[in-house]
Amino acid sequence: MKKVFFTLLLSFAFVFNATAQNVSVNGTVKSSVDGLPLIGVNIIVKNTSSGAVSDFDGNFTISNVQSGATLVFTYVGFETLELPVSSEMNVELVEDKESLDEVVLIGYGSKSRKDLTGSVSIVGSETIEKLRPVDVSQALQGTTTGVSVSTQSGSPGSGFRFLIRGVSSNTDNDPLLVVDGYIVSSFNSLNPDDIESLTVLKDAQAAIYGVEGANGVILVTTKKGKKNSAPTVSYNTYAGIQETTKKLSLLNASEYAALVNESYANNGQALPYDNIAGPAYGTNWQDKLFDQALMTNHNVSLSGGTDNVTYYLGATRLDQDGIIASDKSNYVRDNIKLNLGIDVNDRLKSTLNLNYFSNKRKTINESGLGSVLFNAISYSPMFALDQEDVNGIFGNEIINPFSQIRDTYNTYFGSSIEGNFQLEYKLRDDLTVTSRMGFKTYSDKSKSFSPIVNYGAGKVFNTSRSTVSQSKSQFDSYTWDTFATYKKSFAEKHNMEATVGTTVIKNWGNGLFATGFDVPNNSWEFADIALTTGTSDAKENGSYIYDNRLLSYFGRLQYDFKGKYLFSAMIRRDGSSAFAKDNRIDYFKSVTAGWKISDENFLKDNEVIDFLKIRGSYGTLGNLVGNDLYRSALSGEATYVFDGALTNGVANGPIANAAAKWETAEKLDIGVDAKFFGNKLEIVADYFLEDRVDLLIPGLPVSGILGTTAPGSGSPTVNAGTTRSEGLEFMINYSDNITDDLSYNVSYNVTKIEGTVIDVNAEVPLTGGSFGVGQPLPPSRMENGQPIGYFYGLQTDGIFQTQADVDAHPSQEGLGYGAVPGDIRYVDVNGDGEINSDDRTFIGKPLADYYMGFNFSVNYKSFDLSMYAFAEVGKDMVRNYERDQPNVNRLDYYLERWTGPGTSNSVPRATTGASTNKLFSDFYVEDASFVRIQNIQLGYSLPKETLEDFGLSKVRLYASVNNAFTFTEYKGFDPAATTGQALGGGIDSGFYPTVRQYILGLNISF
Amino acid sequence: MKNNKNIITAILVFTLVATGIYSCSDEYLDETDNYNIDSQGYFNSEDDYYMALVGVYDLLQASYVNVLLGEIASDNTLCGGESATDVVGFQQIDDMGHTPVNSNLRDVWSWMFSGISRANYFLEFKDKTDFEGRNKMIAEVRFLRAYYHFELVKWFGGLPIKDYDAALLGSGKRFAPGDELSIARYSAQEVYALIESDLVFAVNNLDYNAPQVGRVTKGAAEALLGKAYLYQDKFSEAATVLDNVINNGPYQLATSYETMFENEGENNVESVFEVQYTDAEGAGFGCLQCSEGNVAVGFNGIRNHTGPTYDSGYSFNVPTQETVDSFEDGDSRKEVSVLDIEAWAEQTGATYGLGYEHTGYYNRKYIPRQGDQNIGDQNLTNPNNYRSIRFADVLLMAAEANNRGSIDDAKAQSYLNMVRSRAFGGDSNNVSASGSELTDAIYHERHVELVGEGHRFFDLVRTGQAPSEIDGFQAGKHELFPIPIQEIQFSNGNWNQNPNY
């Protein structure tokens, strides 16, 4: 009907306007990138106010247009197009590469991604949403080159550590964490749902953070509302089942009994088990201990904006149970976030970011000797579930794990408010002043209760007097920044930006802890110091207080010529209260440069290369560790007994080092960024070299005559070492559309790092870590020319099969006992004809050679599928979770033990007697290289048409599996776990395994 | 108008920023809060000195290792423990197979030197503030310094000493990092000279009564001095000072040997110097030298014992049949010193476990008793005091000095018989020998009177009996223990290892 009317009108127009020559325009607007129609394109008749907007099919119609007029087509992200009017116009708009640019934070400012001259990696909210991590840190695992994320435990609420470009320091390798401009101490208060993007500054680009930047900087931007957008409400929820990723392969009951019998027999002792005939029976402790546990997460957010105000409000609750004893091990986290941006006028902008966080946690004894898992893997499979070790056949440190869980009572609650308030004032067009105040106040309280228990004679866990220990602590900090930015262009060729500013940081806090004795009714319900009736003569109460300050001034100059030749220089002066007056101030400087080759004339219109830039950076940064080392305090422990009562006195604490100062890093980075084939293929590659000088080495071994073993004392921490990390990073990313409905993206990244010790100023090589119980020689070393924290022990060469073999080999008496057939044969490394502790050598290292990440994602119509995986190759771990005790259970590799000549050349004989087989050697070092499929996700989004009927803008259902598979030869619970220490890292004393999660989730927006 | 407004705003903001930048000066970094006492600015009152004195006493409790190993190294006991690999350092010393790589010997070295360091810290500031009774405290500290040096010279021989000449005169200075490269080991003789000088001062400045139980007395100083003389075979000096204790000191033999080593017998009339312990504070394996309890007692305890009177322990330091057989018939000390666990089990129905090298006997003087608080780790927090010097020991040392120095055999006999008559409940077993026969009798008496108390190894070594009595003992080597290998490495050639290690 309408059409007829219009045609009639048109014909009338033709008749009546023959002289006026007005036309009606019909047309379609499409994108030149994919040929799809563009919806909502503004089409205006130039110099008039008439026009139209393209509809769902890209069609538009304008009537009464003067012939000879010009139509202007504008659309966000596309170049404006002006064309002379004609009655049929089928138009294609070209993408505006300039405005599609990402803007990246670089510390006290931002820059467009193409103009960066430092090594920077970015993880966006789409990746974070895909990975659905419980902790923000997990979003960086495998997604960014040069970053490795590790955890010490898979239990709920346990934190993560980052290492950016390897381990360099003995004291602190944690990078600086900055959220919306203010510095935080950990990411655990952040909710992944609130994060817009994560930016990692890896090289001297971070020098603007001076003394805090040596370990790299991770900048977080949280979600904010968008101007002029209608309020959007989102609800995201998921629920999942968790299970353990690994159970150790232990002996079953009859294998265990046979092994124990054999080990007693080999030492001439009576056999403990008479009757082991019959089918394998018994308790599989790991099966009984590991449960399937539930986790749920709910998130609601509201965001939107008007002309002058943007707002984002989000609330989330995460509830995660532990896979072991979920009633005693669980974690609940709540977050409420408010981001408010107000443009007071066209010169003054203000922003307010607030985050409320609270967490509640219960834990069981998790790792190492004395933990629940340790007891479970050591307890005999021939014991019943509720059987106690009353006769102490497992020694004094192993008890029934279920009894241990039953008697574990603790609770922890912490909450914080943090945020910042920022004012940005545009003094002139080229000069902006920003001032912001970030703050955090965190308080926590904890309680743990030890009831009266007796697990059998002599057990260390026995308690004869019940106690309840409570603590309360407070952490506060504020960060105040003020800086001015001046931006100017000269002669349209020279662009300059200068930033000058100051930062003041104060961290202070206090803590109080106390223990009460004799809890009424020996019950958790009455466990509070208020109700306890007893005290002890010993000093059971304590407190601490600390106050650290940092004062800095910084300046940065950025210059580019025609946007092609880029250059920047930074300098920062830091002063810290942690050191003596003479060693408090230092300057950190850096320069970076870049050349956008693709902007040069010879590459400008290249078909293949869309973007090519080379860049380099060099600078110095600091690592702020070493608090109060210069004070020689009477902080030692002095207690004796006079008149039958405990008497406390004073004594010296650790020996002071008045010359202590912070560690410095010198960083060099050269990199290439390139995009090809219409931005489908992206490659980023970096070479980096980093020297850490003046490493603070704590616990430097010193002579006993200095009195450092006195209670509460210790050796001085000295700036005594230098390490070097050198490596390559490579990232390749390809995304393409096969058809209109099918698109995919593949990405691979690999980082190769070599970390060696260049210099250690100590008379004996530094040692650390511990292996076994009561073994005097530590397993880890820091030594010139070797990898950091490498393992130093005996090298093995098979097993002695016969006495003739033993006689033909140099004597092993120097190790404490002579060898017999069935014992491990050690290599005479120094060739002196004797095997003793001088024959120890390099037998492995804890840091991987290669870190890799791999992901692909596919979108087909309404479905999306993605997979993320990461790998570490070339790392070793020490198997230190086996208890050296005659009656404990063992791993099943003992089935391959030597029982006679020719039976085994890899596992020594089983015996309860003394032998040299328990000394630290490569028998205990395993290759822990692994590939882990971190996330597989399949999602389905309801099509737009269906959604419109309900007024929704997005509904997506998804199913995902986290930590689906781990491919490794390592026998322990988790090849990715580590304490993260430089000296002593990579030693597995029993890590709580990572969890596998099967998740179903829903995202709704309206 | 608008321009003016802009300019004013600009000036305002600039001033704000400028004041912001200049108001924070480096003094801001000085104001930090802290609750710490600076060690160089201490010793301003009597109270300060007392608190530091407590710190010097603290390391006495760490000497439990010395006691434990003094028995294990001798022919009195076998190492024991859970298995052949339980505390490798102990096992090797038992078999005389120890090497410079031994963490327990390193503990002895480090802990005793820590005690010396704390004593020297006190003596560094001994002249700073004057108060009444300062000399007495200084005397206590010098006694303790001598005690620690005596332990070290017994174990290792010659030692490094800081500012030796000033130390002889009573000054003290802690070692500084780097001293291990420059200060050589003084000879054992020179170390003894320092010990004597410290103890002579202590003797002259202390009373027989101490202000608190557990603190050093004149008698303790005299007894230790006599012991130091005896170890150097300086018989007449030893005899003189030990006779003085016997005649003028308030000490006597306790009437009941039975209760001597029980809780009620602590700090009794026979106790000349006793290292104090308590069960009131917890302890852990991470810092054994921090424990306020007697760690050796837990180590000596009966394995997995359930029954009356005794608690459990780690079954180390188990007496041999030989030791049990060396008691004569009618000697009441046998039942008190050695616990026959099989007989005990039969008698009371108690049960026990079998440890490594199980002999059926336990060191009854120093095993855990029931009734203490058992605060975790209960094996490390036993309250049994260590009777470092008993009057019986003083009598036997005096007897030996008088006899071997050919000073007065009759006096030696009478001292010896005082000990014997207490042991046998009468004079019927008294000894009437003299000369070398008397010497042997005294040696035998020391063996049975002091079994389990950590003196046997050093008695055998100083009297030349070690090669014949101890299996695997090599003369010319095992009289001294090796300096820990880490110390030799730190000294970078400055210190030589003891011979034949």
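1. Where in chain A is the place of A:Lys493? A:Lys493 sits in the loop between strand 24 and strand 25 of chain A. The model under review is a predicted one, and the remarks below should be read accordingly.

2. A:Lys493 is partly exposed, because its relative accessible area is 35%, a value between the limits of 20% and 50%. Leaving aside residues up to four places away in sequence, A:Lys493 touches A:Asp560, A:Phe561 and A:Lys562.

3. Helix 3 of chain A covers residues 253–265. The N-terminal end of helix 3 is capped by A:Asn252, which has a side-chain oxygen 3.2 Å from the backbone nitrogen of A:Ser254. Buried residues in this helix include A:Ala253, A:Tyr256, A:Ala257, A:Val260 and A:Tyr264. In general, residues three or four places apart point the same way, because an α-helix has 3.6 residues a turn.

4. The interface of chain A and chain B buries about 7,300 Å², with 58% of that area on carbon and sulfur atoms. In chain A, the residues that lose the most area to chain B are A:Tyr640, A:Phe642 and A:Ile705, together accounting for 11% of what that side buries. The contact draws on 84 residues of chain A and 87 residues of chain B.

5. As to polar interactions, 14 residue pairs are in polar contact across the interface, with both residues at pLDDT 80 or more, while the count of salt bridges between chain A and chain B is zero. Several strands of chain A each supply at least two residues of the side that touches chain B, among them strand 22 (409–428), strand 27 (565–576) and strand 30 (639–642). Strand 26 of chain A gives the largest share, six residues. By type, the residues on this side of chain A comprise 36 nonpolar, 31 polar and 17 charged.

6. Chain B contains 22 helices and 10 strands. Along the principal axes, its C-alpha atoms fill a box of roughly 125 × 55 × 45 Å. Of the 501 residues in chain B, 62% are buried. Among contacts in chain B between residues at least 6 apart in sequence, 73% join residues at least 24 apart.

How values were computed. Residues numbered from 1 in each chain as written. Chains lettered and ligands numbered in written order. Predicted model: local features only at pLDDT ≥ 70, side-chain atom pairs only at ≥ 80, totals over all residues. Heavy atoms only, no water. Contact = heavy atoms within 4.5 Å. Buried area = accessible area lost by both parts, 1.4 Å probe. Salt bridge = Lys/Arg side-chain N within 4 Å of Asp/Glu carboxyl O. Polar contact = N/O pair within 3.5 Å; in protein donor to acceptor, adjacent residues only side chain to side chain. Helix = DSSP H or I, 4+ residues; strand = E, 2+ residues; numbered from the N terminus. Nonpolar A, V, L, I, M, F, W, Y, C, P; charged D, E, K, R; others polar. Expected span 1.5 Å × (residues − 1). Buried < 20%, exposed > 50% of the residue type's maximum accessible area, 1.4 Å probe, protein only.
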